[in-house]
Each structure stands twice: as C-alpha cells, then as structure tokens.
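Thanks for making time, everyone. Let me put the sequence and the structure up, and then I'll talk you through them.

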Amino acid sequence: MNERVRRIEVLLEKADPAANELVAEVLGLYGEGLARVMTVVGEEAAARLGADELVSPLLLLHDLHPLDTRARVEQALAGSADLVAVEGDLVRLRVRPTGCRSSAAGAASALREAVLEVAPEIERVEIEIEVADAALIPIESLAVRPASRAPVP
C-alpha cells in the first residue's frame, strides 16, 4: 500500500494543475462517501473496517479511522514496548532488551516500522532502550566445591 501511495505522489508531482485538481475532487468525493459509510455501519463494523489492512489507510487518509493515534500505536506494539508519549508528530517508546544489544537495535527498527505503518501521521519515533542492570554473581558461588559424599559404612 505504501508503495502505491509513493507512486501516486511521484505522478502527481509531474502532473499538470488540472490533473491535480481532478485528483483532489475525486479524493474529496471518496472521503465524503467513506464518512457516510462509517456513520451508517456502527461501532463494531467501524472497528473491523479500521483493522482491515486495505481499508485502514483509506480511513486514515480521510481522518475517519475509529481509533486515535495512541490506540493504534498501542495496538501495534502489543506489549513489545512501552508507549511513553504521543506528542504531535512524535512517538516515544521504551524497550527493555531481552537479549544482546544488537538484537535490541533490530527490535527497535521493527518497532519503528510498525508504528509508522499504523500511524502515518507520525514523522518521528524515538526509542529508548533501557540499560539492564548486570546481574551480579557472588564470586564465592563460582568456586568449585567438592561434591559431598555420604559417609562410607
């Protein structure tokens, strides 16, 4: 879907003003039609439409999505990160690494993509990777101890 939108944007940049006006009028007409559909279908169906991978971006395009930005981002994160804030075009996340630091960086990249997919109005995603306290192992526990043996009768 994102590739199609990018292609349309490129074509519109090259188009003459009359073509741009035509696209704006058609887009407005579709937006008004979608708005009527969303009022007729009710909350439950609107939620299903908002979850549809093809319909959701169209609803976002016309400001008709049933979920606000925060709710869409929380849904996309599904507990894999903490949503710290949504401020204008910025989302702040906090991630607790579960493995090595490089896997945390990969997870951060996937989280960024997930947020931008469900909230195209967001321009920046800041991700804080928590530094886990190193687990301390007492040095005494590392010493090899002889196995205790039962007394021989």
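Let's start with helix H4, where Thr-69, Arg-72, Val-73 and Leu-77 are buried. Looking down the axis of H4, those buried residues fall within an arc of 135°, so they line one face of the helix. The arc is taken from the directions running from the helix axis to the C-beta atoms. As a reminder, an α-helix has 3.6 residues a turn, so residues three or four places apart point the same way. By buried I mean under 20% relative accessible area, with exposed being over 50% and partly exposed in between, using a 1.4 Å probe and protein chains only.

Some housekeeping. This is a predicted model, so local features need pLDDT of at least 70 and side-chain atom pairs count only at pLDDT 80 or more, while totals for chains, interfaces and linings use all residues. Residues are numbered from 1 along each chain as its sequence is written, and side-chain values use heavy atoms, with hydrogens and water left out.

Now the overall layout. The protein chain has five helices and three strands, and along the sequence they follow the pattern α-α-α-α-β-β-α-β. Helices (H or I, at least four residues) and strands (E, at least two) are DSSP runs, numbered from the N terminus. Of the 153 residues in the protein chain, 19% count as buried.

On to the sheet. The three strands make an open, mixed sheet in the order E1-E2-E3. Which strands stand at the edges? Strand E1 (82–87) and strand E3 (124–129) do, each with a single partner strand, so one side of each has no neighbour in the sheet. On average, neighbouring strands here are turned by 15° against each other, direction ignored. Two strands pair, by the way, if DSSP finds at least two bridges between them.

Take the pairs one at a time. E1 and E2 run antiparallel, over five bridges, and Asp-82 has Arg-94 in E2 as its bridge partner. These two strands form a hairpin with two residues between them, and Gly-88 in the turn has a positive phi of about 65°.

Axes are lines fitted to C-alpha atoms, for helices over the stretch in contact, and angles run from 0 to 180 degrees between N-to-C directions.

The largest nonpolar core has 14 residues, and Val-73, Leu-77, Val-91, Leu-93, Leu-111, Val-115 and Ile-127 have the most contacts inside it. H4, E2, helix H5 (101–118) and E3 each supply at least two residues of this core. A nonpolar core here is a set of buried Ala, Val, Leu, Ile, Met, Phe, Trp, Tyr and Cys residues joined through side-chain atoms within 4.5 Å.

Leu-93 lies in strand E2, and at 1% relative accessibility it counts as buried. Leaving aside neighbours within four places in sequence, Leu-93 has contacts that include Leu-77, Leu-111, Val-115 and Ile-127. Contact just means heavy atoms within 4.5 Å. Leu-111, setting aside residues up to four places away in sequence, touches Leu-77, Ser-80, Ala-81, Leu-93, Val-95 and Ile-127.

Which residues other than glycine have a positive phi? Asp-63 is one of them, with phi near 55°, and Ala-78 is another, near 45°. Asp-63 is in the loop between helix H3 (55–61) and H4, and it counts as exposed at 71% relative accessibility. Ala-78 is in the loop between H4 and E1, and at 64% relative accessibility it is exposed too.
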